Amino acid sequence: MREYPLERTRNIGIIAHIDAGKTTVSERVLFYTGVSHKIGEVHEGDTIMDWMEQERERGITITSAATNCFWKPTYAPQTKDNEYRINLIDTPGHIDFTVEVKRSLRVLDGAVVVFDGVAGVEPQSETNWRYADDYHVPRVCFINKLDRTGASFERSLASIHERLTPNAVAIQYPVGLEQSFEGVIDLLNMKVARFEGENGENVVWEDVPESMSAIAEEWRHTMVEKIAETDNALTHKYLEGKEISVPELKAALRAAALSYKLVPVLTGSALKNKGVQLVLDAVVDYLPSPVDLPPVKGIDQKTGAEITREAKDDAPFAALAFKLQTDPYVGQLTFFRVYSGTLSAGSYVLNSTKDSQERVGRILRMHANTREELKEIQAGNIGAIVGLKNTHTGDTLSDPDHPIILERITFPEPVVSLKIEPKTKADQEKMGMALKRLSEEDPTFRIKGDLETGETIISGMGELHLEILVERMKREFSVEANVGRPQVAYKETVKKVAEAEGKYIRQSGGRGQYGHVWLKVEPQERGKGFEFINEIKGGIVPQEFIPAVEKGVKEAMEKGIVAGYPMVDMQVTVYDGSYHEVDSSEAAFKIAASIALQEASKRAQAIILEPIMRVETVTPEQFMGEVTGDLNAKRARIEEMEDRAMGIKVIKAKVPLSEMFGYVTTLRSLTQGRASFTMEFDHYEEVPGSIVELIKEGKK
């Protein structure tokens with residue numbers, strides 16, 4: 001039996017750049033909705049949403065935590081009929097854990113995007129915004145930290161307009177700034193909200209003070225104009241000079257927010273307990289319930305045709321697994337979002353991505369790291385299953401009689417690698433299991449065994465990412481390991497089109513070996529990946545040997561041509577060859593293909609590619625010369641410099657990752673510890689000739 005109607009359910013995420021205050025906002029949400037009776041603070045290490053030891057020690061969010069809470073809007077009678085269920089996911093802001101944001105946004109219906117009122121839009125805000133655009137997630141903005149020195153609501157809003165979307169519309173305006181920040185003006189109702197009580201739990205409404213009425217009227221005028229533009233009936237009213245009522249404005253703003261024509265902007269200070277309740281009101285008012293969204297699309301497993309599932313409890317079951325987590329008490333948890341139908345504990349579901357049956361053991365509803373057991377879970381909800389054996393991130397779970405495959409989640413390629421080896425023989429077995437578990441949890445964490453040297457190489461999104469994974473291995477799986485220094489994940493590709501022949505002929509008493517192919521290699525655009533094309537006509541090479549040819553090509557690409565790095569972004573075509581009635585075998589064709597690929601790649605001018613990072617350095621003006629000089633020495637392309645409040649400069653540049661190891665120490669020593677930087681992967685590009693030899697020698 002459903003506790004809450006679907007239209008009173010909200011699945012939302014809180015996303016932002018690192019240190020904008022996401023977790024602080026989440027902790028306030030839990031406190032005001034009654035989930036927690038004490039506010040956890042990041043700086044005191046007692047937050048509920050950051051529950052991992054490493055998160056509390058470092059003061060950052062690493063994994064996205066899921067919880068659910070209930071909210072009665074402040075403007076409505078406080079009765080059960082006005083209560084909304086909010087499934088909330090607090091996501092990390094650090095670029096190394098970008099996978100957590102991406103997979104969370106895939107299953108959420110709406111997002112609250114938090115900005116630092118001093119810095120405005122920061123690099124990770126842009127990345128997260130792009131992910132939300134990719135999945136068409138409606139959102140509201142919250143400009144936080146208005147109590148900080150240098151905070152500016154207007155400057156932060158301007159940065160949203162300039163760098164993210166011109167559709168952002170302020171529906172609040174702050175009363176005071178920095179030390180004197182007191183509350184917010186609700187521009188719809190033209191009332192001031194002040195937050196009283198020990199933790200700001202009492203929202204007190206007052207009239208707009210005389211001194212602020214002119215500026216409030218001006219901002220309200222802009223807001224009404226923007227909202228009216230999205231609705232024909234309101235446009236006519238506005239042009240005729242008629243008064244538009246608050247319910248009309250709210251209804252039009254909700255419709256515009258759901259269709260992403262407008263993004264409502266709110267403001268406050270979560271740390272000082274000001275404004276968070278009104279963010280919850282906005283979640284209810286302007287973000288979608290599962291009913292407001294179009295039916296989810298998927299592929300019919302049998303026919304390949306596109307089919308849809310509506311958010312109804314009686315529709316065939318369809319859900320997406322978006323995260324795996326190892327729980328010390330119950331084993332492996334699979335987090336999933338139910339798009340349609342109902343799932344009961346103890347039933348069987350089909351993993352339609354892998355075409356295998358899974359038994360649902362227990363169904364849990366998560367509150368960060370505590371849990372509540374459910375007998376069943378309905379459409380529109382988020383839960384976790386215990387006991388799935390073969391389900392990974394991005395897999396679809398569906399009704400065995402009505403299989404559907406929902407759109408998968410795509411993840412970025414890792415850019416940093418390091419060697420890892422167990423300290424003792426006992427650690428060896430445990431390490432294999434730990435790495436397997438961690439890679440199942442995190443699709444951007446890859447493991448590769450080097451057969452020639454017997455080494456294990458792990459790859460991830462950055463130094464911090466790998467450092468935390470190695471630390472988790474130690475704490476959660478008791479594995480002691482020696483770790484090499486981080487290495488750049490270089491790739492190789494070709495610049496030209498070329499062809500080559502590969503022949504493998506061996507004759508030694510008895511049956512011989514015969515494989516013979518002609519391959520053509522050509523470059524593809526960056527990020528396009530590898531494509532294998534079979535153009536063999538008339539059976540000159542029998543079809544049963546073609547998979548072996550493809551396998552030989554892939555194995556040769558893994559080993560690389562120039563310096564042993566994997567090859568990417570190439571199209572390889574097999575178009576000619578020959579075979580022997582008796583001596584041809586799959587093994588011979590595999591070796592022939594490998595020989596042909598190596599030869600063709602050399603002729604096609606094989607090159608090394610390196611990851612180029614987008615770096616944003618924030619520094620006091622007096623250190624500007626030293627910082628830019630140092631960046632230029634690191635082969636950086638400085639793209640722009642901009643001013644931020646009070647003598648602070650922002651330098652945006654593209655820099656090769658190989659030059660950025662240890663940059664945090666360099667930057668601190670150049671600027672007396674006063675500068676900071678953020679870095680995220682941008683693209684791969686060709687390594688200059690002068691660096692190639694250093695890479696081959698392992699010095700880069």
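## Cysteines and a domain contact

The sulfur of Cys69 lies 20 Å from the closest cysteine sulfur, that of Cys141, which is too far for a bond. A disulfide is a covalent bond between the sulfur atoms of two cysteines. Here the term needs a pair of cysteine sulfur atoms within 2.5 Å. The structure holds 0 disulfides.

This is a predicted model: local features need pLDDT of at least 70, side-chain atom pairs count only at pLDDT 80 or more, and totals for chains, interfaces and linings use all residues. Residues are numbered from 1 along each chain as its sequence is written, and side-chain values use heavy atoms, with hydrogens and water left out.

Are the two cysteines buried or exposed? The table gives the values. Buried means under 20% relative accessible area, exposed over 50%, and partly exposed in between (1.4 Å probe, protein chains only).

| Cysteine | Relative accessible area | Class |
|---|---|---|
| Cys69 | 1% | buried |
| Cys141 | 0% | buried |

Now to the domains. The protein chain is divided into domain 1 (6-205 + 262-286), domain 2 (296-406), domain 3 (418-488), domain 4 (493-604) and domain 5 (609-697). These bounds come from an automatic or database domain assignment.

Take domain 4 and domain 5. Their centres, taken over C-alpha atoms, are 41 Å apart. The contact (heavy atoms within 4.5 Å) takes 7 residues from domain 4 and 6 residues from domain 5.

How much area do domain 4 and domain 5 bury between them? The value is about 470 Å², with 68% of it on carbon and sulfur atoms. Buried area is the accessible area (1.4 Å probe) that two parts lose on being put together, summed over both. In domain 4, Lys495, Arg526 and Val562 lose the most area to domain 5. Together they make up 60% of what that side buries.

Lys495 also has a charged partner. Its side chain meets that of Glu686 in a salt bridge, at 3.2 Å from N to O. The term means a side-chain nitrogen of Lys or Arg within 4 Å of a carboxyl oxygen of Asp or Glu. Between domain 4 and domain 5 the count is 1 salt bridge.
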